[in-house]
Amino acid sequence: MKFKIHFLLLVYCILAAPFFALAASPQQKDYLTSLEADKIRDAETVNERIKLFLTFADDRLKKFQYELEHPSANRHGDMLNSLLNAYVGCVDDAADLIQLGIEKQDNIRQGINLMTSRTKDFLVVLEKLSIDGPERELYKENLDDAIEGTRDAMNDAEKAKKKVAPPPVRRKN
């Protein structure tokens, strides 16, 4: 009897171990390729990282528009939604970097200005898609989230402009 209990416990542990390992591992952000993640890690300044995230967001938005114009034969809706989620992830990460730069008192004026101008451009595209985009029912929820996230990032950048000290003024002698 004791042998059966130990044997069943051993079998249970062997079968359950992979599930516990999956549950314990942290979630990784899927929207960046390994090359893009390396570029982010290798960037030396916060401004460079913000610029990279906004470049990646722009890339995802262009891919989204291309996918709308040239639908793939399989999993078209999934592709559209994943591209919008990736876009929002990039914009959110850029906004988080701005907040981090403010907390660390880094010189992030360039990143803030870039965020302000790029999010305005992104918002124009997203709002146009929400009004007359093809197949809106496939991606409506994610599009609404993308618009809201872009507005939030733009508003945060505008507020950050006020928090960051102005550049030093050089006096002419």
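User: What makes two rings an aromatic pair?

Analyst: Rings of Phe, Tyr and Trp (its six-membered ring) pair if their centres lie within 6.5 Å; planes under 30 degrees apart are stacked, over 60 edge-to-face, and the rest tilted. A search of the whole structure gives 2 aromatic pairs. The model is predicted, with pLDDT of at least 70 needed for local features and 80 or more for side-chain atom pairs, while totals for chains, interfaces and linings use all residues. Numbering runs from 1 along each chain as its sequence is written, and side-chain values use heavy atoms, without hydrogens and water.

User: Why is the pair of Phe-64 and Tyr-139 called edge-to-face?

Analyst: The centres of Phe-64 and Tyr-139 are 5.1 Å apart and the planes stand at 85°, so the pair meets the limits of within 6.5 Å and over 60 degrees. Phe-64 lies in helix 3 (residues 46-69) and Tyr-139 in helix 6 (residues 136-163), 75 residues apart; helices are DSSP runs (H or I, at least four residues), numbered from the N terminus.

User: How do you know whether Phe-64 is buried or exposed?

Analyst: Buried means under 20% relative accessible area, exposed over 50%, partly exposed in between (1.4 Å probe, protein chains only). Phe-64 has 0%, so Phe-64 is buried. Tyr-139 is also at 0% and therefore counts as buried.

User: What makes the pair of Tyr-87 and Phe-122 edge-to-face?

Analyst: Their ring centres are 5.5 Å apart and their planes are at 85°, so the pair is edge-to-face. Tyr-87 belongs to helix 4 (residues 76-104) and Phe-122 to helix 5 (residues 109-132), 35 residues apart. Both Tyr-87 and Phe-122 are buried.

Note on methods. Helices (H or I, at least four residues) and strands (E, at least two) are DSSP runs, numbered from the N terminus.
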